[in-house]
Amino acid sequence: MEQFTIKNLYNLEETIAAPYFEGAVYPWELLPKISSFIVELGKDLSKERFTQVKENVWVAISAKVAPTAFINGPAIIDEEAEVRHCAFIRGNAIVGKGAVVGNSTELKNVILFNKVQVPHYNYVGDSILGYKAHMGAGSITSNVKSDKTLVVVKNGEEQVETGLKKFGAMLGDYVEVGCNSVLNPGTIIGRNSNIYPTSMVRGCIPAKSIFKKQGEIAGKYNR
């Protein structure tokens, strides 16, 4: 599981939440504590750069938030981020610098690193998306198993019990997810990997890979 640790998935210089990752090995360890971290971080944000628009919701002055968007706290919208028409941020969300949360996209219990794009009809729940990760139109994270059992991260014969009932996906830096794909609970996608459109993804996808379908993963060469 070494390549799916925090240090191998994310550039922590590209998130306001960097201190939150200290002491953790795997990113999913952070999911239960996102809410409390946002509340503590929000208290120390610069009043010259951020406005507290309502209880436990801080929006950077340089961010653009559509009047039709809804943001429930705790939440932080970082500088130059864009929250578009009818976006629904249910709470426990950090939207990174220059990130885009698009039309009718729903966020819940997430960390979006800087420059992440979830721009068209996405659902992202109980997930962490790395720097410049992009989810194509209609792609979603499925965050609860159909039988409601706890999520186990599986990488071949390796397994890690998370103890979590709700766990969407961990996307490394620069991951590209094709349109209308579903990332099943406990999916981990390594840095610089691509997911074909309309894919159904589960388990761990190595860094610098192209996921074509379950059981067919190609490596990226000379990239």
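Contact means that heavy atoms lie within 4.5 Å. The exercises below use a predicted model, in which local features need pLDDT of at least 70 and side-chain atom pairs count only at pLDDT 80 or more, while totals for chains, interfaces and linings use all residues. Residues are numbered from 1 along each chain as its sequence is written, and side-chain values use heavy atoms, with hydrogens and water left out.

**Exercise 1.** Find where serine 199 lies and which residues it touches, not counting residues up to four places away in sequence.

*Solution.* Step 1: strands are DSSP runs of E with at least two residues, numbered from the N terminus. Serine 199 is in the loop between β21 (194-195) and β22 (200-201). Step 2: buried means under 20% relative accessible area, exposed over 50%, and partly exposed in between (1.4 Å probe, protein chains only). With a relative accessible area of 7%, serine 199 is therefore buried. Step 3: leaving out residues up to four places away in sequence, serine 199 touches Asn180, Ser181, Val182, Phe211 and Lys212.

**Exercise 2.** Describe how β1 and β2 pair.

*Solution.* Step 1: two strands pair if DSSP finds at least two bridges between them. Strand β1 (residues 50-54) and strand β2 (residues 57-60) pair in the antiparallel sense over 4 bridges. Step 2: glutamine 52 has tryptophan 58 in β2 as its bridge partner. Step 3: the two strands form a hairpin with 2 residues between them, and asparagine 56 in the turn has a positive phi of about 60°.

**Exercise 3.** Classify the ring pair of tyrosine 20 and phenylalanine 21, then that of tyrosine 26 and tryptophan 28.

*Solution.* Step 1: rings of Phe, Tyr and Trp (its six-membered ring) pair if their centres lie within 6.5 Å; planes under 30 degrees apart count as stacked, over 60 as edge-to-face and the rest as tilted. The whole structure holds 9 aromatic pairs. Step 2: for tyrosine 20 and phenylalanine 21 the centres are 6.2 Å apart and the planes are at 75°, so this pair is edge-to-face. Both residues, tyrosine 20 and phenylalanine 21, are buried. Step 3: for tyrosine 26 and tryptophan 28 the centres are 4.6 Å apart and the planes are at 5°, so this pair is stacked. Tyrosine 26 and tryptophan 28 are both buried.
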